[in-house]
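Please look at the structure first, then read the points below it.

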Amino acid sequence: MTTQATTPPPAEVAAPAGEKRVSQARRREARTGWMFVSPFFLLFTLCFLIPIGFSLYYSFFRQQATGGGLFGNEGGASISNVFVGFQNYEYVLTSDAFWTGIGRVLLFGIIQVPLMIGMALALALLLDSITVRRPGPWRLSYFLPYAIPGVVAAVIWTYIYQPSTSPINKILEGAGAGGVNFFDPNIIILSMANMTTWTYTGYNMLIFLAALQAIPRELYDAARIDGATGFGIIRKIKIPLVRDAALLAILLSIIGTVQLFNEPTVLESVNDWMGLDYMPMMMAYNSLMGGITPSGNGPASAISIVMALIAGLLAIGYAILQRRTAP
């Protein structure tokens, strides 16, 4: 009878103490990192993702009266949400008022965004130049309009535009020129563009100024040694190196243009001819508040979702175009 010797299993090789300490340090760093970013993700979920989810859910419903009587006002009548599928989206996509508002938004953006971005870049270049010795007060004064709430700024400008009280018209009339009706249907888009430009130029100026101050000064010195003028440095160094900042500023401006609401809403309060659906976001708000039929959170949510998709497509399209045309 033969017996086979069994070999014991190989003992596990213990990891070196140094590797254990490194792995423990990495786990501690990971926990610390998640602790720092968890407030952001919590607020992002509560204030962004959950509202979008509710809006998407309600966009498939419409409020209808249920109960007895001709208008559902008998026998314990109530308002209930009824599933209607894609009817709210069909209403939005086939609405002449919605697409007319989109046309006004695009016209507003074509006029306002290039003007504002150009002014913001010019102010940033001016503050970054050596001719401005104390840029702090100037930087603050340019940014102050952004600190004023949008509705307050719109009310101020509405007062300035009023034909009977407009200081602009008084100055023009004092100079012998005729007054301007800033509420004229052919001019009111320009009036809104001026209001928005005044508010956000300083904000975009800070974006450009931060990018300019991140450029190494050695590049300017080398360019001057090679004989470059101040204008040549701006054209060959500064402007090309702030392309990413320009992309950010324009993307934010496109999104803000699609969300245009404060200025037209305030102007509509003194111009009844504009109507409650002059801009798409006005249409969404007044649908929610019952000023436009069909009303309720269903049509309003559908308008908001469609506008979000349009804003995303415009932003992505511009980003792709900018990347392809970059040198």
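The chain exposes about 20300 Å² (Shrake-Rupley method, 1.4 Å probe), and carbon and sulfur atoms supply 66% of that area. This is a predicted model, in which local features need pLDDT of at least 70, side-chain atom pairs count only at pLDDT 80 or more, and totals for chains, interfaces and linings use all residues. Residues are numbered from 1 along each chain as its sequence is written, and side-chain values use heavy atoms, with hydrogens and water left out.

**Overall fold**

- The chain has 13 helices and 2 strands; these are DSSP runs, numbered from the N terminus, with helices (H or I) of at least four residues and strands (E) of at least two.
- Of the 327 residues, 34% count as buried, meaning under 20% relative accessible area with a 1.4 Å probe, protein chains only.
- Among contacts (heavy atoms within 4.5 Å) with a separation of 6 or more, 65% are between residues 24 or more positions apart.

**Nonpolar cores**

- A nonpolar core is a set of buried Ala, Val, Leu, Ile, Met, Phe, Trp, Tyr and Cys residues joined through side-chain atoms within 4.5 Å.
- The largest core has 25 residues, and Ile 117, Ala 124, Met 205, Phe 208, Leu 212, Ile 237 and Val 242 have the most contacts inside it.
- Two or more residues of this core come from each of α3, α7, α8 (217-225), α9 (230-241) and α10.
- α3 gives the most to this core, with 9 residues.
- Beyond its neighbours within four places in sequence, Leu 212 touches residues including Ala 124, Tyr 220 and Val 242.
- A second, separate core has 20 residues, among them Ala 154, Tyr 161, Val 266 and Tyr 278.

**Largest pocket**

- A pocket is an open set of points on a 1 Å grid over the protein atoms alone, where a 1.4 Å probe fits, with protein on both sides within 12 Å along at least five of seven lines; lining residues have an atom within 4 Å of a point.
- The largest pocket holds about 560 Å³ of space, a volume being the space filled by probe spheres set on the points.
- Its lining has 19 residues, and Ile 52, Gln 259, Ser 304, Ile 305 and Ala 308 lie nearest its centre.
- α13 gives the most to this lining, with 9 residues.

**Second largest pocket**

- The second largest pocket has a volume of about 430 Å³.
- It is lined by 22 residues, with Thr 196, Tyr 200, Leu 252, Gly 256 and Thr 257 the closest to its centre.

Notes. Buried means under 20% relative accessible area, exposed over 50%, partly exposed in between (1.4 Å probe, protein chains only).
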